[in-house]
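Let's take a walk through this protein, looking at its charged pairs and a greasy spot on its surface. Have the sequence and the model open as you read.

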Amino acid sequence: GRAAAVVLGKDVGFHVRLDGPPGRRAAQGAVIEAVGPEQAMARMNAADKARTAYVRRLYRANPADASLYHLVIDSTAMPLEAVTELILQAMSARALIQARAQ
């Protein structure tokens, strides 16, 4: 959920940040949400602003700080199915490392 990477830290869960250039993120959002490019850009900007303000205000952290996440992916650079596969593979690899450490 929102700010889970900040609240829980890297020891709990598996935190992924999906990112990418704003123009490509908006274009991807327009397709996913079946809206026009201007509306998609407005929604993206509003969501980004709200998320950043929320995390900064409550936790004094930057939600774009890559060190908060186990994985940061430019989700606009490949098909979403590939993004999903990357996340699943990374989660499996982390679980294997954790199991070996115990």
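Here we go through the salt bridges and then a nonpolar patch.

A quick note before the tour: this is a predicted model, where local features need pLDDT of at least 70, side-chain atom pairs count only at pLDDT 80 or more, and totals for chains, interfaces and linings use all residues. Residues are numbered from 1 along each chain as its sequence is written, and side-chain values use heavy atoms, with hydrogens and water left out.

Side chains of opposite charge can pair when their charged atoms come close. With a salt bridge taken as a side-chain nitrogen of Lys or Arg within 4 Å of a carboxyl oxygen of Asp or Glu, the count is 5. One of them joins aspartate 74 to arginine 24 at 2.8 Å, N to O. That pair links distant parts of the chain, 50 residues apart: aspartate 74 sits in strand S2 (residues 71-74) and arginine 24 in helix H2 (residues 22-33). Helices (H or I, at least four residues) and strands (E, at least two) are DSSP runs, numbered from the N terminus.

Now find aspartate 48 and arginine 51, which meet in a salt bridge at 3.8 Å, N to O. They are 3 residues apart in helix H3, so about one helical turn separates them.

Finally, the greasy spot: Val7, Leu8, Val12, Leu58 and Tyr59 form a nonpolar patch on the surface. Patch members have over 30% relative accessible area and no salt bridge; like charges are joined within 9 Å, nonpolar side chains (Val, Leu, Ile, Met, Phe, Trp, Tyr) within 5 Å. Together the five have about 430 Å² of accessible area (Shrake-Rupley method, 1.4 Å probe, only the protein chains shown counting as cover for residues). Helix H1 (4-8) and helix H3 (37-59) each supply at least two of the residues.
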